[in-house]
Amino acid sequence: MQALDHQVRRNAPINKAMGLGRVPWPAARLLRKLDRYRLLGGAISIVGTHALYAYERMAGGHFASGHVATQDIDLLYDRRDRLRFFAPDMREEGLQGILREVDSSFQLLTPRSYQAVNDAGFLVDLIMPLPRQPALAAPGRIGTGPDDMTAAEIEGLSWLQSSPHLQQTAIDEKGFPVPIDVPDPRAFALHKLWVSERADRDPMKARRDAAQARAVAWLVLRHLPHLRFDDDALSALPQTLRARAQGLVALAREDGMADGTDW
């Protein structure tokens with residue numbers, strides 16, 4: 001293990017110098033901590049903008065900075081995996097305890113909030129799908145204590161949770177490896193398209209959602225052609241949304257051709 005750690009530390013400056021470091025340091029620290037507690041890829045996966053770093057690694061390139069610029073990270077909580085592998089000494093404090101291990105300045109915005117923020121303004125959102133049977137649903141907290149973060153229930157997230165997931169090792173901005181678990185990029189793109197068209201979505205966020213949907217669809221089309229949008233693996237998504245894939249790909253192709261780039 002010491003030899004491996006030495007190799008990682010020796011390679012970090014090289015990765016940084018080569019421009020491979022992408023994941024912001026606060027997010028990278030949190031992701032490694034979640035992985036250490038065996039939550040990443042089980043109870044927790046990454047959705048939202050930070051998922052793009054995993055898709056970059058799949059394709060071997062970089063998205064434009066406008067697509068990945070963010071000061072928050074979205075953690076998708078699968079309450080079905082609650083406490084399955086969680087360390088006993090962290091069960092009560094839960095995610096709030098993990099955040100404070102990463103940075104002691106993390107505080108909930110309000111009691112039992114789904115959001116926590118540190119002194120630098122980095123925001124962590126804990127979200128989960130709407131339950132099919134609310135009366136039988138497990139609590140929306142990772143820890144057993146009542147003061148832990150409580151996940152916000154959001155429509156449409158069940159599609160991402162039930163779609164295939166993949167694991168990638170990205171590189172943080174200091175050159176160190178970072179594990180990420182994310183939904184299939186095709187599911188991500190179609191879900192972002194759906195979110196961008198919701199009437200209750202903030203117009204500025206909706207424009208960014210649509211741009212990310214097209215960017216990820218272009219990545220799949222150009223660099224991951226083995227991932228087809230008509231694949232039965234995407235059956236967790238509504239058929240009406242899957243039927244939009246052809247139109248999304250056409251828009252993505254137009255964007256890619258107009259930019260003159262692969263992204």
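Figure 1. With a relative accessible area of 21%, T150 is partly exposed, because the buried class ends under 20%. The structure shown here and in the following views is a predicted model. T150 belongs to the loop between β5 and β6 (152-154). Leaving aside residues up to four places away in sequence, T150 touches R112, S113, Y114, L126, G140 and R141. P139 and T150 are 11 residues apart in sequence, and their C-alpha atoms are 8.0 Å apart in space.

Figure 2. The phi of R112 is near 60°, a positive value in a residue other than glycine.

**Figure 3. Overview of the protein chain.** The protein chain of the predicted model contains 10 helices and 8 strands. Of its 263 residues, 49% are buried. Among contacts between residues at least 6 apart in sequence, 72% join residues at least 24 apart.

Figure 4. Helix α2 comprises 12 residues, 25-36. From its first C-alpha to its last, α2 reaches 16 Å, close to the 16 Å expected at 1.5 Å a residue. The buried residues of this helix are A27, A28, L30, L31, K33 and L34. The cover over these buried residues includes the strands β1 (44-47), β2 (72-77), β5 (123-129) and β8 (177-183), and also the helix α5 (94-102).

Figure 5. Although R38 is not a glycine, its phi is positive, at about 65°. R38 has a relative accessible area of 54% and is therefore exposed, as the exposed class applies over 50%.

**Figure 6. Packing of helix α2 with helix α5.** Two packed helices are described by the angle between their axes and the distance between the axes. The axes of α2 and α5 come within 10 Å and cross at roughly 130°. At this angle, α2 is oblique to α5. The crossing in which α2 passes α5 is right-handed. On the α2 side, the contact is made by R29, L30, K33, L34 and R36; on the α5 side, it is made by L95, I98, L99, E101 and V102. Classified by residue type, the contact of α2 with α5 has 6 nonpolar and 4 charged residues, and no polar ones.

Figure 7. V102 lies in helix α5. Its relative accessibility is 6%, so V102 counts as buried. With residues up to four places away in sequence not counted, V102 touches R29, L30 and K33. Among the residues in contact with V102, L30 and K33 are themselves buried in α2. The C-alpha atoms of V102 and A28 are separated by 9.9 Å, with the two residues 74 residues apart along the chain.

**Figure 8. Helix α7, a mostly covered helix.** The 12 residues of α7 should span 16 Å at 1.5 Å a residue, and the end C-alpha atoms are 16 Å apart, which agrees. Helix α7 is mostly covered, with 12 of its 12 residues buried. The buried residues include the charged R186 and K192, as well as F188, L190, H191 and W194.

**Figure 9. Packing of helix α7 with helix α8.** The axes of α7 (residues 185-196) and α8 (residues 203-223) come within 8 Å and cross at roughly 155°. This angle makes α7 roughly antiparallel to α8. The crossing in which α7 passes α8 is left-handed. From α7, the residues making the contact are P185, R186, F188, A189, K192, L193, V195 and S196. From α8, the contact is made by A206, D209, A210, Q212, A213, V216, A217 and V220. By class, the contact of α7 with α8 has 11 nonpolar, 2 polar and 3 charged residues.

Methods: Residues are numbered from 1 along each chain as its sequence is written. This is a predicted model: local features need pLDDT of at least 70, side-chain atom pairs count only at pLDDT 80 or more; totals for chains, interfaces and linings use all residues. Side-chain values use heavy atoms; hydrogens and water are left out. Axes are lines fitted to C-alpha atoms, for helices over the stretch in contact, and angles run from 0 to 180 degrees between N-to-C directions. Helices (H or I, at least four residues) and strands (E, at least two) are DSSP runs, numbered from the N terminus. Angles under 35 degrees count as roughly parallel, over 145 as roughly antiparallel, 65 to 115 as roughly perpendicular and the rest as oblique. A crossing is left-handed if the near helix is turned anticlockwise from the far one by less than a right angle, and right-handed if clockwise. Contact means heavy atoms within 4.5 Å. The expected span of a helix is 1.5 Å times one less than its number of residues. Buried means under 20% relative accessible area, exposed over 50%, partly exposed in between (1.4 Å probe, protein chains only).
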